Amino acid sequence: MTLALYVPRGSAVHRLPAGSKLLALAALAVMLFALPTLPAAGAALAGVLAVGLLAARLPVAVLVRQARAVRWWLLALLVVHALTTDWRTGAHVALRLLTLVLAAAVVTATTRVNAMVAVVERLCAPLRLVGVRPARVGLAITMALRFIPVLVERADRIREAQAARGGSPRGVRALRTTIAPLLVQVLQMAHDVSEALDARGADDVPPPRRRRSPTPEAS
Amino acid sequence: MRFRRPGAVAATGTDVADPGRGVELHAVGHRYGDRVVLEGIDLTLTERRVGVIGANGSGKSTFARLLNGLVVPSEGRVLVDGLDTATQVRAVRRRVGFVFQDPDAQIVHPTVAEDVAYGLENQGVPAQERAVRVAEVLARYGLAGHADHPAHLLSGGQKQLLAIAGVLVMQPARIVFDEPTTLLDLVNARRVAELIAGLDQQVVVVTHQLDLLDGFDRVLVVDGGRVVCDDAPAAAVAAYRTLMADR
Amino acid sequence: MKTRDLAYTALFAAIIAVLGTLPAINVGPVPITAQTLGVMLAGSVLGARRGFLAVLLFLVLVAIGLPLLASGAGGLAPFAGASAGYLYSWPVAAAVIGWLTERTWDRYNVAIGMLANVLGGIVVVYAVGVPVLKVVAGLPWDTAFWSGAAVFVPGDLVKAFAAAAIADVVRRSYPVIERPRRAAGAR
């Protein structure tokens, strides 16, 4: 499973800070909903394609793949609107969706995941007030990304082990003999990972709001 | 309190360690719910090389986890250089590194260098010094060329070296290894054994691989949650073989 | 939050992501996916707080551009699209399921679990999802209801049952939810 859609290039778009790219994306979304006309959506799409293909020098295939992922949505929007309102509205709504999907694809393809994680950590900074530690949010993201390929691998291993004993359970039996054991296995793994993180001082950073505590522990 | 000594560091409420004291277990017992996993353990470990052996489920993994505060005992106290693992766990963990059986549980960051740097980040080591120390450790354990390599694509042996590097970079005074060679082939197991033998730190190794204990100073045999033998390696291993033969 | 709880939270965010790689069935503007099964599991295995955060974390991963939604969508666009309401409803759904599961923890069984999953994973999801679908896609109420809720009910009932059956096994072999009186004091 390919996770990151990052496409390395030395372009100016790549070098833009991740935060500004995300901000631009959000601004685009607001604009498209504030100016709900077909020409506006068309112009925005042209702009997104220009930035992605010309400025960032992304391969066409990257954008095509993202567009293909939503092709049924687009078609359904067109058809539903053609039946209930009119073709023009359908075309506009579909075009707007396509524009946003491609704009998000351009941002993703030009920004490393680590840079995104850093942005999320920065965005979480105000949440310190309610006791959220931004570094912990970053750690949670890192762990989730680490677990995704592990989960796929463990699921394959359980399937293999059962096939080796001549079984390939389906239906309700599969829930009990495959999915539930898999879940127990990965919960144990998550526990082990947290132990290993703690052993390297994951909870070494003191919480932002110091609790008064009877223990003599210093920071 | 029961074990306060006159002038003992723990009693003053600071995290200043007293390196000479080693690891002390005072009347330690531990239970998960109703299940007793360890009981009646009174020991002081000051030797440079300590081995722990025992059957599956004997409690030796829990014993290992007591030594750096991953497990806080339900009875008694564990002191590391005078620091109590129950109340001064952060300071204890800085002094005691822990290497797990399965390196996959230990490696969480996308690349080798990032993963090694993780513990230093937690200690608040500045970025520049971090980079220097990470590079130094990677070079020492033959991972220098892999700094930007995706960590989960390393071989099993390299992963265990990476896991160990991630602990050594923090320069702990003592290191606990929980079955460090169980998942490795012969070549990699030997490499890890040599690495352990070359460490300056105090080392506590929990293992099923008895040849790993050659040249150790002291070996504990754990059975049914108790330390049933505490001797030099040859005598302890012999006692362990007799114990297992009787099953 | 303890590192262990953080790891469980990350694990379920990853589980929801992996469930998105199973093939989705397209029936109109909103696809039928296995991801809501993950949302139900997050609530019924982790409880309200960690379940909520797990789904929220998953949405953050999607928002920063990872193609983790069923059919490979990712980035911020889905949060403005026709089925955005369903995404917003997911963390709430996990929290409701988790809360109900915690309340019934001592006598939890597949029937109780299924009821919790239906209330949180079906009622809450449609209560948020359908109105958003109506507004964003500009559909009349009845079309929004039929294309955005009714066609999913059979599949959702199957998922609610599956999640309850799985949660029941996990509860007996590796319980993550603690007894209700302790759950409140967690940091």
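This is a predicted model: local features need pLDDT of at least 70, side-chain atom pairs count only at pLDDT 80 or more; totals for chains, interfaces and linings use all residues.
Helices (H or I, at least four residues) and strands (E, at least two) are DSSP runs, numbered from the N terminus. Residues are numbered from 1 along each chain as its sequence is written, chains are lettered from A and ligands numbered from 1 in the order in which they are written, and side-chain values use heavy atoms, with hydrogens and water left out.

**Around B:K159**

- B:K159 counts as buried because its relative accessibility is 11%; buried means under 20% relative accessible area, exposed over 50%, and partly exposed in between (1.4 Å probe, protein chains only).
- Leaving aside neighbours within four places in sequence, B:K159 is in contact with B:P103, B:D104, B:I107, B:A151, B:H152 and B:L154, where contact means heavy atoms within 4.5 Å.
- A network of salt bridges links B:K159 with B:D104 and A:R146; a salt bridge is a side-chain nitrogen of Lys or Arg within 4 Å of a carboxyl oxygen of Asp or Glu.

**Where chain B meets chain A**

- On the chain B side 29 residues are in contact with 24 residues of chain A.
- About 2500 Å² is buried between chain B and chain A, and 50% of it is on carbon and sulfur atoms; buried area is the accessible area (1.4 Å probe) that two parts lose on being put together, summed over both.
- In chain B, the most area is lost to chain A by B:R90, B:V108 and B:Y118, together 27% of what that side buries.
- Three salt bridges are found by the rule across the interface of chain B and chain A.
- B:R65 forms a salt bridge with A:E195, with 2.9 Å between the closest N and O atoms.

**Salt bridges in chain B**

- Over all chains, the rule gives a count of 22 salt bridges.
- B:R65 also has a salt bridge with B:D178 (2.8 Å, N to O).
- That pair links distant parts of the chain, 113 residues apart: B:R65 is in helix α2 (residues 60-66) of chain B and B:D178 in strand β7 (residues 174-178) of chain B.
- Both B:R65 and B:D178 are buried.
- B:D81 and B:R95 meet through their side chains in a salt bridge (2.7 Å, N to O).
- B:D81 lies in the loop between β4 (75-80) and β5 (83-84) of chain B and B:R95 in helix α3 (residues 89-95) of chain B, so this pair ties together parts that are 14 residues apart in sequence.
- With 0% relative accessibility, B:D81 counts as buried.

**Chain C**

- Chain C has eight helices and two strands, running α-β-β-α-α-α-α-α-α-α from the N terminus on.
- Of its 187 residues, 60% count as buried in chain C.
- Among contacts in chain C with a separation of 6 or more, 72% come from residues 24 or more positions apart.
- Helix α4 (residues 84-103) of chain C has 20 residues and reaches 30 Å from its first C-alpha to its last, close to the 28 Å expected at 1.5 Å a residue; the expected span is 1.5 Å times one less than the number of residues.
- At C:W90, α4(C) bends by about 35°, and a proline, C:P91, follows within four residues; the bend is the angle between axes fitted to the seven residues ending there and the seven starting there.
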